[in-house]
Amino acid sequence: MDWLTYEHALYAQGFGTVCGVDEAGRGPLAGPVFAAAVILPRGVMIEGVNDSKKLSEKRREILFDRIRDQALACAVASADEREIAEYNILGASLLAMRRAVSSLQIPAQAALVDGNRDPLLTIPSTCVVRGDARCACIAAASILAKVSRDRYMLELDAKYPQYGFAKHKGYPTRAHYEAILRYGPCPAHRLYFLRNLEEKRKQYAGA
């Protein structure tokens, strides 16, 4: 598989800089949703870069530094719990993507976006389904977004150690639900995502 096919197609159309865009953290019960944008040098595929979900945490950390060192430009942004409540998780994810692209040190002339939802950027964008496993710059963005969010969740763990954020990163594990049932939600929780909390209480009581 050629990880640079989509980038080459845009360069062939005359675009000078192409960024990959991806998000991390749409599914968790707590914490912001993060997004990253990455412009790689033309024709460069950074060794080891792949869909962040297919990489170990240690490998992602190594690649995080490698991407930041080799990228022409990169940026990470987020949308917090209040914005998730206001715009819903999809809207907040797209907002974080727009923020990441607009924060690039070198302006991108076109974007390749993971998924099938157009974030309505100010530049031409192409959505690529499963782009984080098919496109070099999107895969790089997926790693930056994932590592940045995981690091943020470690900070939340220090602030709210009773929830175990360092372990599950806010995702809906049984341990996470049980902590919420015991201590109640904290300000970092996405309350809309907890609407089935009573169902979980009954489920675990009967387990």
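Q: Leaving out residues up to four places away in sequence, what does Glu23 touch?
A: Glu23 touches Val33, Phe34, Ala35, Ser93, Met97 and Ala145. Contact means heavy atoms within 4.5 Å.

Q: Where do these coordinates come from?
A: This is a predicted model, where local features need pLDDT of at least 70, side-chain atom pairs count only at pLDDT 80 or more, and totals for chains, interfaces and linings use all residues. Residues are numbered from 1 along each chain as its sequence is written, and side-chain values use heavy atoms, leaving out hydrogens and water.

Q: Back to Glu23. Buried or exposed?
A: Glu23 counts as buried, at 19% relative accessibility. The cut-offs for relative accessible area are under 20% for buried, over 50% for exposed, and partly exposed in between (1.4 Å probe, protein chains only).

Q: Where is the place of Glu23?
A: Glu23 is in strand S1. Asp22 is in strand S1 too, which covers residues 18-24. Strands (E, at least two residues) and helices (H or I, at least four) are DSSP runs, numbered from the N terminus.

Q: And Asp22, what is its relative accessible area?
A: Asp22 has 3%, so it is buried.

Q: Which residues does UniProt list for "binding site"?
A: The unreviewed entry lists Asp22, Glu23 and Asp114. They are spread over 93 residues of sequence but cluster in space, with a largest C-alpha distance of 8.0 Å. UniProt annotations may be inferred rather than shown by experiment.

Q: New topic. At which residue does H3 bend?
A: H3 bends at Asn88, by about 115 degrees. The bend is the angle between axes fitted to the seven residues ending there and the seven starting there.

Q: How many Å does helix H3 span?
A: Helix H3 (residues 81-102) spans only 21 Å between its end C-alpha atoms. A straight helix of 22 residues would span 32 Å, at 1.5 Å a residue (1.5 Å times one less than the number of residues).

Q: How many aromatic pairs?
A: Four. Rings of Phe, Tyr and Trp (its six-membered ring) pair if their centres lie within 6.5 Å; planes under 30 degrees apart are stacked, over 60 edge-to-face, the rest tilted.

Q: Why is the pair of Phe34 and Tyr152 tilted?
A: Because its planes are at 50 degrees, with centres 5.8 Å apart. The pair links distant parts of the chain: Phe34 is in strand S2 (residues 33-39) and Tyr152 in helix H4 (residues 136-159), 118 residues apart.
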